[in-house]
Amino acid sequence: MSATDLRRGLYDAVLLDRDGTLVEDVPYNGDPEKVRPVPGAREALDRLRAAGLRLAVVTNQSGLARGLFTEAQMRAVHARVEELLGPFDHWAICPHDDGDGCACRKPAPGLVHEAARALGTTPSRCVLVGDIGRDMTAALAAGATGVLVPTPVTRPEEVAAAPAVARDLPAAVDEVLRRARAVRPVTPRRTGTVLVVRSDSAGDVLVTGPGIRAVAAGAARVVLLCGPRGRAAAELLPGVDEIIEWPLPWIDGSPAPVDPDDMRRLTDRLAEVRADEAVVFTSFHQSALPLALLLRLAGVPRISAISDDYPGSLLDVRHRVPAGVPEPERALSLAAAAGFALPDHDEPALRVRTGPDPDRSDGGYVVVHPGASVPARACPPERWARIVAALAADGRRVLVTGGPDERELTAQVAAAGGVDLGGTTDLAGLARLLTGAGCLVVGNTGPAHLAAALGVPVVSLFAPTVPFGQWGPYRVPTVRLGDAGAPCRDTRATVCPIPGHPCLSGVDPGAVVAAVRTLAPG
């Protein structure tokens, strides 16, 4: 795959922290002779250069503010770094100390924004590789991808909260290049009618959107099979020509018994599509094989899906994906394995079809969505009320949203100082509302992905029952809050197994206010 192909995929640039990531951490180093590259750094960076990715260094250098070295000494250190590691396309340097209140010192996102501008790209097309939590926080707040390379000084809670972790710099580069290649087909294809499948909740359908758009770019017609919970999201997806709504008993969380007659009707309906092929998108814990069998019975000649289980003759393209890959990239990689890629003008981000609400499109408000489709991912109502009160006290106009079955919750939360909109918007209406918002404060639930699809920053109160790197808001400025190392971590629990719901009940309303200030200044 050529360097041009990689640049047209996920990333344009890789941003790297200096001390502890590129070179050994020598506190406040102003001496070029003390520069020691980390093992394998030159070879790893040369691989990124060969792939056509631009490189920048993003580094806090508070020693300048403290007078511990001069700017000339710092430049001499950087010249030595380039002598040993090769040239960088840009150096983004914060010369301030923590107390200076600047917008560039990590964990603020300023250096990421500066580097992206200098490299002629956007933060969402950048990866930041660093060794501490400040690096990851800066990446997320800018909307960039973060990869943590821990060192002995990296705290365990920073490792737990990181969106992705690699054992060292060469391994981080391996992962960046693997992810970039995974979304580009070896041999692009064009075909007629493609049946795409994502039978799950609204959020699951939204994160599959980039993969569906990739299929649509190479198909004359796209028919989407979804479940009742995902229908509203399916109607917002670009690239879908027709929707078939049908509950699948091997996917739904509370399924009805399998009805042979219903399965026969579904098979007949699938046959009516006369699909030239099918691409079955699933989550990492679901199986595509039951539907693949029905698709074979319906006469679909070519079927692609992710499957760790042996598929026999049910699949023509059996794709595998490593654990932890972001769900949108998981879908894009399956589309690529089937021969489909996003066109060059289409960013690999979430997208929906919607317009702004003319009554609220001034960006002068924050949306708080306290509900969640899964109880284990919901912050306690009393904590939400305190968050709304803190935002209101900070001068924010707060709109509280929820579904028709969440009116009691939204009324309780909004009473602390917000406007209660519970039950007044469907998903499309919520999209219009979010279009005018400065940011969304929400748990790990469908509206977080809806905000990401609209480019609206997200303060994510994220319960660690599932991996943040896989299910967090994708390629949009984000601040993650909550205890990432709580005992419920990676349990996939739907009801919190820990008394007191500690991962979210301890969220500091002041931290939410600070996060909103970072993402929506004003």
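## Strands and how they pair

Two strands are said to pair if DSSP finds at least two bridges between them, where strands (E, at least two residues) and helices (H or I, at least four residues) are DSSP runs, numbered from the N terminus. The structure described here is a predicted model, in which local features need pLDDT of at least 70 and side-chain atom pairs count only at pLDDT 80 or more, whereas totals for chains, interfaces and linings use all residues. Residues are numbered from 1 along each chain as its sequence is written, and side-chain values use heavy atoms, with hydrogens and water left out.

Strand E12 (residues 366-369) runs parallel to strand E13 (residues 398-400), and 3 bridges join the two; within this pair, Val368 stands opposite Val400 in E13. Both faces of E12 are covered, since Val366 and Val368 on one side and Val367 and His369 on the other are all buried (buried means under 20% relative accessible area, exposed over 50%, and partly exposed in between, with a 1.4 Å probe and protein chains only).

## A parallel sheet and its helix

An open sheet is built from 6 strands in the order E8-E7-E6-E9-E10-E11, with parallel pairing. At its edges are strand E8 (242-245) and strand E11 (317-319), each of which pairs on one side only. Neighbouring strands of this sheet are turned by 20° against each other on average, direction ignored (axes are lines fitted to C-alpha atoms, for helices over the stretch in contact, and angles run from 0 to 180 degrees between N-to-C directions). Strand E10 (residues 303-306) pairs with E11 in the parallel sense over 3 bridges, and Ala305 stands opposite Arg318 in E11.

Helix H10 (residues 209-218) packs on the sheet and touches strand E6 (191-197), strand E7 (219-226) and strand E9 (277-280), its direction making about 150° with that of E7; contact here means heavy atoms within 4.5 Å.

## Enclosed cavities

On a 1 Å grid over the protein atoms alone, a cavity is a set of points where a 1.4 Å probe fits but cannot get out, while a pocket is an open set with protein on both sides within 12 Å along at least five of seven lines, and lining residues have an atom within 4 Å of a point.

The largest cavity is lined by 21 residues, of which Pro163, Pro326, Gly469, Pro473 and Tyr474 are the closest to its centre. Helix H19 (468-471) and strand E5 (145-148) each supply at least two residues of this lining, and the largest share, 4 residues, comes from H19.

The largest pocket holds about 1,200 Å³ of space. Its lining has 42 residues, with Ser201, Ala202, Arg229, Ser373 and Thr445 nearest the centre, and the elements that give two or more residues to it are helix H9 (202-207), helix H11 (231-234), helix H17 (427-435) and helix H18 (446-454).

The second largest pocket has a volume of about 760 Å³ and is lined by 30 residues, of which Pro107, Gly133, Thr137, Val479 and Arg480 lie nearest its centre. Helix H6 (133-142), helix H7 (156-161), strand E17 (478-481) and helix H21 (509-519) each give two or more residues to this lining, and H6 gives the most, with 6 residues.

Notes: Grid points are joined across faces, edges and corners, and a volume is the space filled by probe spheres set on the points.
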